[in-house]
Amino acid sequence: MIEVSTDWYLTLAAVLFSIGFIGMMIRKNALIMFMCIELMLNSVNLTFITASKHFGTIEGQISVFFVLVVAAAEVVVGLAIIVSIFKKQSSASVDLLRTSRG
Amino acid sequence: MESLILVIVFLPLLTALGIKIISKIVNELLINFLTINSALLSFTIALGMFALLLTNKFEPMHLEFFTWIPSPEILFEFTLDGLSGIMMLLVTGLSVVIQVFSTSYMSNDENYSKYFIYFNVFVFSMLLLVMSGNFLVMFFGWELVGLSSYLLISFWSKKQSAAKAGNKAFILNRIGDFGFLIGLMLTLNTFGTFNYEKVFSEVLNGNLASLDIIVVCFIIGAFGKSAQFPLFSWLPDAMEGPTPASALIHAATMVTAGVFMLVRISPILQFSETGKLIIITAGLLTALIAAFSAINQDDIKKVLAYSTISQLGFMFIAIGSGAYVAAIFHLVTHAFFKALLFLGAGAVIHEMHHEQNIHKMGNLKTKMPITAAMMGIGTLAISGIPPLAGFWSKDEILASTFANGGVFYGYWALSLLAAFMTAFYMGRHWLLIFHKETGNDISEVHEAPKAMVRPLVILGIFSFFIGFINTPFFHGLEKVLEETLHYVEITHLPEGITLIVLALISIGAGFTGLLLAYLIYIVDIISYFKIKIPLQEEIKELSSNTLYLNKLGEIIFVKGMKSFSRKTAVVIDGLLIDGLVNKVSTVFYNSSKRISRSQNGLVRSYVVYFGFFMLLLIGLFIATPWILN
């Protein structure tokens, strides 16, 4: 039986993070981008837990709780923003929001 | 006793302040009372101090008032020796006489109190200048004198011409002051002190470093203040001021400050051949040009102004030929007869209701006999007719110039020509005003009021007798100045028969000038004998326009400066400086415009930048240890 080592977890986290990041870059729907952010956050959580397990310490797991709490708060704010954007332009496309261009 | 110097110097300033304070609430009489009594008090103290000097055989007195600048140590100090004693008497004495005259001349002027404030400030500055104990204090007085002269020239500042004349005087004086200032800096740099005696003893001990340049700088200063060629054109314009002020400032005292200063630095000056050459050349040029210009002036005061310039030229000739005593002697006699002539002119102007054209006067001697007589004395005195004052001093200058020999014979001949012209234009001046039957209506004219006539008589008496203070038989002034000029080599008068012949020649020149004026302007020989003078009109034009030097100056300096500054405004300021500043801002504007395009507002491209730089950062983390090792 194959031993699931720390490397595997880290690789998975890296893959998840990359997927999230690429999604951020190529998708223009605000909701999808939001989901990508969540994906990246969770890949980081996975890294924390892996490290915690690998070194046998508790700090990584504590950090994960913080990240989760922050993410939950972020969801509240982020979704509210997305809803109001959608109301304004009846689309959640971020490319239409270019008022801050130089 | 030395502290009385302070009283003499600062009393006029206190008087000016006093008049300023009370001027709002009192009438003219009280101002007269205050200012004339204070002037009399100054004069009395000055007489006392002079008597004290006399008993001390003119041993210089020093007074250190306070330390002005601690390092290098410069004191606010005063010196009273023969030279400053003479000047002190002259300034305070004339100030009394002229202020008495002014009370009548200026009465009912709307700025009556202001006139006397300025007047007293002037007297204060002049006293500060002459009694100074070092160069810096002298410069202080020098500048204040320029300021008060400016204030008095443009006293009737509502008149455009008066305001302009004030500016011109001030600006031309500044050119001279600039030279003086450079001279001051060089003096401090070379000798490390401003004190006269210390500087002089350094020079006498053989420290002749950069002497010529220092002397030339001081000479430029003297030229500005004493209206010498080429800085003389302000003085005729300065006649816009009230006539009594012209008498004191632009004839008797302030314009002689340059002469005084050069005599003061004579221990340095005697070593500088270049300096002497410049002085005598400019003096001669000035004496001739101004005398020539005076011949065809129509304004009663302008003739006297040019005459003043010409006489100052004589004083410079004296200094240039090393006859310092003669220069001061002529300064003193000139102060009296020129003040007399100016006050006389003031009386005439006053009675003619501010008419200044001499062709509109004529035969005034029937109406103003005393003024005419006094002006006559002044005219004879300036023409060098013995035994009046001008003869002794002018003859001393001419004879001392002659005594130098060599090229100085030529200088002597030219000075003689100037003396001849002096007699001619002064004769013309007096004859046209007082003698010639012109048919002008003068029935309204009366003798001037007593407050004007009495100063005239006093000055007339002095103009008659003041020459006796220094004759070949009695060297009074020479003794007074002996201590001051102790280490200075003075040109002495020739002896015996030469002196008598020279005197006879200069008397002859004076008489011929007067006679010629009488023949031309009264007998009118030119039209009687139908004499054709070649280029007569052109010469007249040249004379009345001062050889067009004023216009030349205007073209070169005023117009030249204007076009130059306009060009600098366009090229240097507009193209270079503004261009540079604008270029910098355009570069920033354009580049920031380009860079700001990267801020395109698309969230996703920011994500790309973010990712790119994160990768870069990670790459750096990895690469750094590798590079460092």
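Student: Where in chain B does P230(B) lie?

Tutor: This model is predicted. P230(B) is found in the loop between α8 (211–225) and α9 (234–237) of chain B. The peptide bond that joins F229(B) to P230(B) is cis, with omega about 0°. A cis bond also links P386(B) to P387(B), where omega is near 5°. P387(B) is placed in the loop between α16 (369–383) and α17 (389–403) of chain B.

Student: What is the value of phi at K57(B), and what is it at F58(B)?

Tutor: For K57(B), phi is near 55°, a positive value in a residue other than glycine. For F58(B), phi is near 60°, again positive in a residue other than glycine. K57(B) belongs to the loop between α2 (28–55) and β1 (61–69) of chain B, and F58(B) lies in the loop between α2 and β1 as well.

Student: How should I describe two packed helices?

Tutor: One gives the angle between their axes and the distance between the axes. In chain B, the axes of helix α3 (residues 82–105) and helix α15 (residues 324–351) come within 11 Å and cross at roughly 5°. Angles under 35 degrees count as roughly parallel, and α3(B) and α15(B) are therefore roughly parallel to each other. Among the residues making the contact are L90(B), L94(B) and F101(B) of α3(B), together with V332(B), A339(B) and L343(B) of α15(B). The residues of this contact comprise twelve nonpolar, two polar and no charged.

Student: How many residues does each chain give to the contact between chains A and B?

Tutor: Chain A contributes eleven residues and chain B eleven residues. On the side of chain A that touches chain B, four residues are nonpolar, three polar and four charged.

Student: What is the radius of gyration of chain A?

Tutor: Chain A has 17 Å, whereas a compact globule of 102 residues would have a value near 13 Å. The C-alpha atoms of chain A fill a box of roughly 55 × 30 × 25 Å along the principal axes. Chain A has three helices and zero strands, and 11% of its 102 residues count as buried.

Key. Residues are numbered from 1 along each chain as its sequence is written. Chains are lettered from A and ligands numbered from 1 in the order in which they are written. This is a predicted model: local features need pLDDT of at least 70, side-chain atom pairs count only at pLDDT 80 or more; totals for chains, interfaces and linings use all residues. Two residues are in contact if their C-beta atoms, placed from the backbone, lie within 7 Å. Ala, Val, Leu, Ile, Met, Phe, Trp, Tyr, Cys and Pro count as nonpolar, Asp, Glu, Lys and Arg as charged, and the others, Gly among them, as polar. Axes are lines fitted to C-alpha atoms, for helices over the stretch in contact, and angles run from 0 to 180 degrees between N-to-C directions. Helices (H or I, at least four residues) and strands (E, at least two) are DSSP runs, numbered from the N terminus. Angles under 35 degrees count as roughly parallel, over 145 as roughly antiparallel, 65 to 115 as roughly perpendicular and the rest as oblique. The radius of gyration is taken over C-alpha atoms; the globule rule is 2.2 Å times the number of residues to the power 0.38. A residue is buried if 20 or more other C-beta atoms lie within 10 Å of its own, exposed if 12 or fewer, and partly exposed in between; C-beta atoms are placed from the backbone.
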